Amino acid sequence: MPKLILIGGILDLGFMKAPLLAADPRLDITVWPEDDGAEAEIAVCWRPPAGLLGTMPKLKLVQSIAAGVDGVLNDAGLDPALTVARIVDDSLPAAMSEFVLWSVLWFHRGLDQVVLRDRPAIIWRRPPQQAAADRRIGVLGLGEIGGRVARALSAQGFAVAGWSRTPRSLPGITGHHGPEGLDALLAESEILVNLLPLTPRTRGILGAATFAKLPRGAAVINVGRGEHLVPEDLIAALDSGHLRGAVLDVFAAEPLDPAHPLWTHPRVLVTPHMAAIASDGAVIGQIVENAWRTACGRPPLNPVERGRGY
């Protein structure tokens with residue numbers, strides 16, 4: 001019988017016990033910290049406390065409850081031989097495409113200029129209207145979700161370019177790769193959308209060096225990972241007038257501290273990590289399936305390649 005432990009961090013996962021048992025009453029489920037995990041075989045978590053997984057000697061699988069696994073892989077104490085699996089939900093690319101399209105339109109149609117939090121009075125002002133074909137969108141990350149987002153923007157008529165670590169070819173998308181390709185993409189992006197996975201190379205990529213390479217008046221949309229962004233650098237670029245604005249859906253610490261200056265910056269729109277959320281059915285179903293696969297000595301669904309970070 002599979003032995004699972006639900007490990008909370010910034011998110012208490014005790015609420016998952018009931019739906020998991022409803023899906024399969026045979027599961028043996030405990031919750032940390034009430035149980036120390038000494039007998040656990042599968043750790044179900046998202047961002048567990050640093051070093052905790054290394055104290056559980058019988059683990060065979062670490063199961064993320066989301067598509068992202070950086071909260072697990074960033075733990076220096078994690079056994080490199082331990083298998084990590086993530087959730088894959090076919091609905092995520094469509095949901096992300098919707099959210100990014102809305103965010104792009106926020107800037108493209110000048111809504112950020114109309115809905116201003118720092119204006120002293122009511123202003124009747126129509127922002128300039130520009131054809132989608134003349135609006136240059138740059139997408140960082142052309143994986144399963146990033147590629148779908150790039151194609152969705154292209155289908156709306158936007159001039160879309162994308163950047164990936166290795167060459168990718170997508171119909172209708174101008175492709176860039178490698179360091180020189182990144183510079184070329186940034187130089188032409190009026191709106192930059194980040195959908196990269198979080199790796200040591202991409203951590204902090206949305207910082208001063210990147211912002212300086214964007215055209216003056218560019219906007220930034222971050223729906224990748226919170227750790228991609230250097231908030232102080234973003235605020236400095238906004239205050240200097242080099243950047244026009246930002247839509248931010250992910251943050252290094254969530255919920256975002258109520259006292260954080262991003263909440264009140266007039267050129268920043270904060271959303272509560274809502275761009276694309278895996279369905280409860282997909283999460284519960286894949287956890288149960290991987291629990292039994294692990295118990296039977298079979299590979300899990302959606303294993304993570306440690307070197308790639310996803």
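This is a predicted model: local features need pLDDT of at least 70, side-chain atom pairs count only at pLDDT 80 or more; totals for chains, interfaces and linings use all residues.
Residues are numbered from 1 along each chain as its sequence is written, and side-chain values use heavy atoms, with hydrogens and water left out.

**View 1. Strands E1 and E2 run parallel and are joined by 5 bridges.** Strand E1 covers residues 3-7 and strand E2 residues 28-32. Helices (H or I, at least four residues) and strands (E, at least two) are DSSP runs, numbered from the N terminus. Two strands pair if DSSP finds at least two bridges between them. In general, side chains in a regular strand alternate between the two faces of the sheet. The covered face of E2 holds Ile29 and Val31, whereas Asp28, Thr30 and Trp32 belong to the uncovered face. Trp32 is joined to Pro33 by a cis peptide bond with omega of about 10 degrees, and Pro33 lies in the loop between E2 and E3.

**View 2. Val62 is a buried residue of strand E4.** Its relative accessible area is 0%; buried means under 20%, exposed over 50%, and partly exposed in between (1.4 Å probe, protein chains only). Val62 and Thr83 are 21 residues apart in sequence, and their C-alpha atoms are 6.3 Å apart in space. Contact means heavy atoms within 4.5 Å. Leaving aside neighbours within four places in sequence, the residues in contact with Val62 include Ala43, Cys45, Leu53, Val72 and Leu78.

**View 3. The charged end of Arg47 sits over the ring of Trp46.** The distance to the ring centre is 4.8 Å; a charge sits over a ring if NZ of Lys or CZ of Arg is within 6 Å of the ring centre and within 35 degrees of the ring normal. Arg47 is found in the loop between strand E3 (42-45) and strand E4 (61-64), and it counts as buried at 15% relative accessibility. A polar atom of the Arg47 side chain lies 2.9 Å from the backbone oxygen of Ala252. A polar contact is a pair of N or O atoms within 3.5 Å; within protein, one must be able to donate a hydrogen and the other to accept it, and residues adjacent in sequence count only if both atoms are side-chain atoms. Not counting residues up to four places away in sequence, Arg47 also touches several others, among them Gly9, Ile10, Asp70 and Glu227.

**View 4. Ring pairs link Phe99, Trp102 and Trp106 into a cluster.** Rings of Phe, Tyr and Trp (its six-membered ring) pair if their centres lie within 6.5 Å; planes under 30 degrees apart count as stacked, over 60 as edge-to-face and the rest as tilted. The count by this rule is 2 aromatic pairs. The ring centres of Phe99 and Trp102 are 5.6 Å apart and the planes stand at 50 degrees, so this pair is tilted. Both residues lie in helix H3 (residues 92-108), 3 residues apart, about one turn of the helix. Phe99 is buried at 8% relative accessibility, while Trp102 is partly exposed at 36%. The rings of Trp102 and Trp106 have their centres 6.1 Å apart and their planes at 35 degrees, so that pair is tilted. Trp106 counts as buried at 14% relative accessibility.

**View 5. An open sheet of 7 strands has the order E8-E7-E6-E9-E10-E11-E12, with parallel pairing.** Its edge strands, E8 (174-177) and E12 (268-270), each pair on one side only. Neighbouring strands are turned by 15 degrees against each other on average, direction ignored. Axes are lines fitted to C-alpha atoms, for helices over the stretch in contact, and angles run from 0 to 180 degrees between N-to-C directions. Strand E11 (residues 243-248) is joined to E12 by 3 bridges, and Leu248 stands opposite Val270 in E12. Helix H6 (residues 178-188) packs on the sheet, touching E6, E7, E8 and strand E9 (191-194), and its direction makes about 155 degrees with that of E7.

**View 6. His273 has a positive phi, near 50 degrees, although it is a residue other than glycine.** The loop between E12 and helix H9 (280-295) contains His273, which counts as partly exposed at 28% relative accessibility.
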